[in-house]
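Hello,

Here is the structure I promised to send over. Please have a look at it first, and then read my notes below.

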Amino acid sequence: MAPTPKLPIVYVRGYAGGTAGIDQAVTDPFYGFNQGSTHIRIGSDDVPCFYEFESPLLRLHLDEGYRILVDGGQARYLATHDRIPPETIWIHRFYDTSATTWGGSPREFRLETAAEDLLKLIDTIKAKSGAPGVHLIAHSMGGLVCRCLIQKILPDLGRDPTDCVAKLFTYGTPHGGIAFDVGFGVLERLRDVTGINGAEIFGRERMYEYLTPKTETDPDGPPPAWDARAMPERGRFPFPHDRVFCLIGTDPTDYDVAHGLSAATVGPRSDGLVQIDNAYVPEAHQAYVHRSHSGCYGLVNSEEAYQNLRRFLFGDHEAEAALVGVRLPQRDDTVWQAEVRLSVRGLQIVTHERTSAHWCPIQLPDGSADDGATIPLVNTFLCSTLRADAFGTMRYALHLRILSLRRRDGLLNFNDHLEQTADFDDILIIDARADPAAAVPALSATWNSAITGPISAFRPDDHAVHDEDPAPGVWACQVRLPATAAPILGEDARIRLTVAPWG
C-alpha cells in the first residue's frame with residue numbers, strides 16, 4: 001500500500017484570555033506547539049516517572065521529515081518565496097494583531113476574523129506548495145476557529161471546505177462550549193452577558209453565530225435542538241466526520257489555572273477546563289487520554305496525543321473494535337459499564353482509555369434489544385511502516401473490563417460491592433500483518449487468558465481469524481469471548497474487528 005502523501009500542517013492555538021494573556025502568547029514564535037515536557041505521569045497508577053517528550057513540533061521534524069520555515073517570520077518567508085515544500089509546518093499567528101507589545105493600535109480579537117485570516121494563510125500555502133489541502137491541528141479554542149472556517153466562512157464564500165482542509169485534529173476543544181458544574185447556569189449567563197475577556201465565544205448564542213452559514217442562520221438564535229458539537233454532514237458543503245479526530249482529556253486535577261479554581265468550577269468529568277461531554281464532535285474519531293487541558297501534564301505536550309495525531313495523519317490502516325450481539329441480564333437494580341484501554345506495541349503509553357476512575361466508562365444498554373446490542377469500543381489507526389516485529393505484525397492490545405453497579409431505591413448499593421473488581425476482565429491481543437503490498441492486513445487475535453507464558457513470547461501463527469467480509473479492501477471478523485463472559489454478555493456476544501485502508 002502506497003504511503004500517505006504529506007500535506008502542509010497548520011497549527012492553531014487556543015484561547016489566551018485578555019490583553020495580558022495575548023501579549024504573553026505572542027512572545028512565543030511557535031505559539032506553544034514547540035513546548036515539550038518531562039517528569040510526565042505514565043501508567044495507570046499515576047506514579048511520576050522521568051519521561052522526556054520533545055514536543056509535537058520537533059517530533060514531526062524527526063519522525064515525518066517536516067520543516068518549519070522562518071525568515072524573520074513565517075509570513076515573511078511566504079512573501080519572499082515562490083515555492084515551498086508540502087512537508088512544512090505553519091503557525092497561524094492570529095493573536096498578533098490583538099497584542100499591544102508591537103506598538104500601534106491593537107485590533108479587538110474576533111473569532112470570525114481569525115478564521116478568515118486562516119483561510120488566507122491556507123490559500124497562500126496551497127498556491128506555493130501545490131498541495132491539494134492542509135492538515136489543521138488545533139488546541140482548545142483553535143478548534144473552534146477551524147470549525148468556523150469549515151462550517152461558516154468557506155460555505156459563505158461558496159467554497160467546499162474539503163478543497164482546503166484534508167484532516168482536522170483537535171486537542172481539548174470545547175466543541176460543545178464551556179459549561180460549569182456549579183452555579184446552575186448563572187455563571188454561564190454572566191459570562192455571556194458581560195463578555196469578559198471575550199469568553200462569550202464559549203456560550204451557545206455566540207457559537208451559533210460563528211458556526212452557522214448565513215443562509216441557514218435563524219434570526220431568533222439557535223433552535224432548541226441545535227447542538228454546538230455537531231458538524232453537519234448534509235447540505236451544500238458537508239465536511240466528512242471521518243476527517244475529524246477529537247482528543248479528549250480526562251484529568252482535571254493537574255490543571256492548575258487560577259490555582260485549581262477552574263477545575264473545581266468545571267467539575268471532575270473534564271480536563272480541568274472542558275467537560276468530557278463537550279470535547280468531541282459526534283461521529284468523529286475520538287480518543288480519551290488521562291491528561292489535563294494544558295500545562296506540564298497537558299494534552300498538547302504529551303506522548304499520548306502525539307501518537308494519536310501521527311497515526312491519524314499518516315497511518316495507512318483504520319482499525320475498529322466493537323462488542324456485538326450483547327444481551328446483558330435485564331435487571332432493574334443493575335447498571336452495567338465497560339472500561340477500555342488500547343495499547344500499541346512499542347509505545348510506553350496507553351493511546352486510549354475510558355475508565356470509571358477517569359469518569360468516562362462506556363455505559364452499556366440494558367439488554368432489551370431483540371437482536372443484541374452493538375457497542376463501539378475503540379477506533380484507531382495503524383501504520384505498516386512503524387514497529388513491525390520480526391514476524392511482520394503490528395500488535396495492539398484491547399483491554400476490556402465489564403463492571404456492574406447495584407442500585408437500591410435509586411441509590412448505589414455497596415453491600416456486595418468489591419471496589420475496582422470487574423465482573424469480566426481480559427485482554428484481546430491482536431496482530432495485523434504489516435505487508436505494505438496488501439490492501440488490508442490479515443488479522444490474528446486471541447485472549448490473554450488463553451496465552452501460556454508472557455505475551456512477548458506469544459506468536460500469532462496459529463490464531464489467524466477468517467475474513468468474514470467478501471468486499472475488497474476491508475477485513476472483518478468476529479472473535480468469541482471467553483466462556484466466563486457468557487453469563488454476563490450473553491452466549492452470542494463477540495468482538496467484531498475491522499481493518500480498512502486509511503489515508
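**Helix packing**

The crossing of helices α2 and α9 is right-handed (for such a crossing the near helix is turned clockwise from the far one by less than a right angle, and anticlockwise for a left-handed one). Before going on, a word on the source: this is a predicted model, in which local features need pLDDT of at least 70 and side-chain atom pairs count only at pLDDT 80 or more, while totals for chains, interfaces and linings use all residues. Residues are numbered from 1 along each chain as its sequence is written, and side-chain values use heavy atoms, with hydrogens and water left out.

Back to the pair: helix α2 covers residues 56-64 and helix α9 residues 303-314, and they pack at an angle of about 45° with their axes 11 Å apart. Helices here are DSSP runs of H or I with at least four residues, and strands are runs of E with at least two, numbered from the N terminus. Axes are lines fitted to C-alpha atoms, for helices over the stretch in contact, with angles from 0 to 180 degrees between N-to-C directions. α2 and α9 are therefore oblique to each other (under 35 degrees counts as roughly parallel, over 145 as roughly antiparallel, 65 to 115 as roughly perpendicular, and the rest as oblique). On the α2 side the contact (heavy atoms within 4.5 Å) is made by Pro56, Arg59, Leu60, Asp63 and Glu64, and on the α9 side by Glu303, Tyr306, Gln307, Arg310 and Phe314.

α5 and α7 make another pair, with axes that come within 8 Å and cross at roughly 50°. This pair, α5 and α7, is oblique too. Leu144, Arg147, Cys148, Gln151 and Lys152 of α5 meet Met207, Glu209, Tyr210 and Leu211 of α7. Within α7 (residues 204-211), Arg206, Met207, Tyr208, Tyr210 and Leu211 are buried (under 20% relative accessible area; exposed is over 50% and partly exposed in between, with a 1.4 Å probe and protein chains only). Their cover includes α4 (111-129) and α5.

**The cores**

Which residues have the most contacts inside the largest nonpolar core? They are Leu136, Leu149 and Tyr171, in a core of 90 residues. Such a core is a set of buried Ala, Val, Leu, Ile, Met, Phe, Trp, Tyr and Cys residues joined through side-chain atoms within 4.5 Å. Helix α5 (residues 141-156) gives this core its largest share, nine residues. Apart from it lies another core, of 46 residues, including Val344, Leu382, Ile488 and Ala493. Leaving aside residues up to four places away in sequence, Tyr171 touches, among others, Phe33, Pro56, His139, Leu247 and Leu309.

**Cysteines and a few single residues**

The disulfide count (pairs of cysteine sulfur atoms within 2.5 Å) comes to zero. For Cys164, the nearest cysteine sulfur is that of Cys146, 12 Å away. Cys164 is buried, at 1% relative accessibility, and Cys477 is buried at 1% as well.

Most residues other than glycine have a negative phi. Tyr31, though not a glycine, has a positive phi of about 55°; Tyr31 sits in the loop between α1 (19-25) and α2 and is buried at 2% relative accessibility. Asn197 also has a positive phi, near 55°. Asn197 lies in the loop between α6 (186-194) and α7 and is partly exposed, at 47%.

Finally, Leu261 in helix α8 (residues 261-266) is exposed, with a relative accessible area of 54%.

Best wishes
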